[in-house]
Amino acid sequence: MAEILTMGELLVEIMRPREDVPLYDTDHFRGPFPSGAPGIFISTAARLGHSAAIISGVGADDFGENIMCRLKKDGVDVSRVLVSDKGNTGVAFVTYFADGERKFLFYMDNSPCVMAKAPETLEGLEDVKYMHIMGCALMSNVDFAHEIVKTVDMMKAQGAKISFDPNVRLEMMRDPAVLKILQDVFKKSAILMPGVSELKMLSGEEELEKAVEKAFENPELELLVLKNGSKGSRVYTKDGLQVEMNIYKVKQEDATGAGDSYDAAFICGLAEGKSLEEAAQMGAAAGALNAAAFGPMEGKISPETVREMIEANT
């Protein structure tokens with residue numbers, strides 16, 4: 001019985017091992033690493049000791065095996081992951097630049113990662129307390145996005161809280177219908193976990209405080225967790241700013257997935273009945289542990305390492 005659920009793409013990531021190497025250059029890559037923002041999120045939740053499930057798809061190939069073995073090892077319920085011979089596992093190529101920018105090439109459109117359907121019944125999902133949605137999952141394929149929205153409606157109807165990280169990937173914003181779907185999921189969300197630019201995009205406001213106020217015009221919204229990279233995070237309720245959280249400094253090897261791990265640890269904190277400050281501390285710790293390792297979900301994240309990171313920084 002899953003307590004935390006997500007639905008979205010699973011893929012492998014193949015990465016430049018050093019900065020400032022454009023993807024069009026002939027040079028080295030490292031990988032494949034199991035990835036996909038929903039996969040990173042649900043792996044983190046499972047490693048933190050929570051019952052966690054994902055609805056997705058992979059190909060019946062070696063890359064699919066790479067992903068499935070890793071998620072099973074982490075304790076994720078993969079019983080709703082479609083393993084299909086009708087296409088290859090999704091792939092993302094990524095490179096980093098010294099100014100912090102990243103560039104991706106995604107190969108997902110005809111992949112099983114966008115073929116999964118909303119569940120026909122709630123069997124096995126009756127205990128879901130939180131369903132987390134990533135914006136990139138909504139951008140990958142419009143038909144798949146509609147299946148995700150169906151699942152959101154099912155979970156919401158049975159009392160689960162919807163959390164939403166807009167996680168915008170401009171490389172995937174090819175269909176104008178996507179923005180409407182993003183806004184639809186936002187309207188159904190109790191927890192919003194955007195970056196600054198994503199909040200401004202969703203709210204239509206350029207001034208940050210006005211964007212926060214605009215977000216809370218959504219009557220469903222209970223928490224806004226604003227992530228701002230090296231500047232840390234802020235947690236707002238309808239009553240205003242509640243928590244300001246700095247990052248926990250580590251020697252950064254790879255920032256990929258740090259925000260997804262933050263999301264998962266924060267949601268785990270809420271599921272454990274922690275205060276907003278404690279949940280933000282868990283998020284900061286998991287994000288730092290993720291960034292300290294090369295690879296999207298390779299950080300040494302566990303209840304013990306998260307607790308040690310928090311204790312070392314308080």
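I started with Asp 20, which is partly exposed because its relative accessible area is 45%. The cut-offs I used: buried means under 20% relative accessible area, exposed means over 50%, and partly exposed is in between (1.4 Å probe, protein chains only). Asp 20 sits in the loop between β2 and β3. Its phi is near 65°, a positive value in a residue other than glycine. I noted that most residues other than glycine have a negative phi, and that most peptide bonds are trans.

**Entry: what I'm working with**

This is a predicted model, where local features need pLDDT of at least 70, side-chain atom pairs count only at pLDDT 80 or more, and totals for chains, interfaces and linings use all residues. Residues are numbered from 1 along each chain as its sequence is written, and side-chain values use heavy atoms, with hydrogens and water left out. Helices (H or I, at least four residues) and strands (E, at least two) are DSSP runs, numbered from the N terminus.

**Entry: a cis bond**

I found a cis peptide bond between Gly 31 and Pro 32, with omega at about 5°. Pro 32 belongs to strand β3, residues 30-35.

**Entry: Glu 9**

Is Glu 9 buried or exposed? Glu 9 is buried, as its relative accessible area is 3%. I placed Glu 9 in the loop between β1 (4-7) and β2 (11-15). Its side chain reaches the backbone nitrogen of Ala 137 at 3.4 Å. Not counting residues up to four places away in sequence, Glu 9 touches several residues, including Gly 36, Pro 38, Cys 113 and Phe 144. Contact here means heavy atoms within 4.5 Å.

**Entry: salt bridges**

I searched the whole structure and got 16 salt bridges. Each is a side-chain nitrogen of Lys or Arg within 4 Å of a carboxyl oxygen of Asp or Glu.

Lys 227 pairs with Asp 165, the closest N and O atoms being 2.7 Å apart. Lys 227 lies in strand β11 (residues 223-227) and Asp 165 in strand β9 (residues 161-165), so this pair ties together parts that are 62 residues apart in sequence. Both Lys 227 and Asp 165 are buried.

Lys 214 and Glu 217 also form a salt bridge, at 3.6 Å from N to O. Lys 214 is partly exposed at 34%, while Glu 217 is exposed at 55%.

Which residues are linked in a network of salt bridges? I wrote down Arg 47, Arg 70, Asp 74 and Glu 298. Arg 70 lies in helix α2 (residues 62-74) and is buried, with a relative accessible area of 13%. A polar contact of 3.1 Å joins the side chains of Arg 70 and Glu 298.

**Entry: two helices**

Last, I checked helix α9 (residues 276-291) against helix α10 (residues 303-312): they pack at about 105°, with axes 9 Å apart. That makes α9 roughly perpendicular to α10, because 65 to 115 degrees counts as roughly perpendicular. Axes are lines fitted to C-alpha atoms, for helices over the stretch in contact, and angles run from 0 to 180 degrees between N-to-C directions. Among the residues making the contact are Met 282 and Leu 289 of α9 and Val 306 and Ile 310 of α10.

Definitions and conventions. Angles under 35 degrees count as roughly parallel, over 145 as roughly antiparallel, 65 to 115 as roughly perpendicular and the rest as oblique. A polar contact is a pair of N or O atoms within 3.5 Å; within protein, one must be able to donate a hydrogen and the other to accept it, and residues adjacent in sequence count only if both atoms are side-chain atoms.
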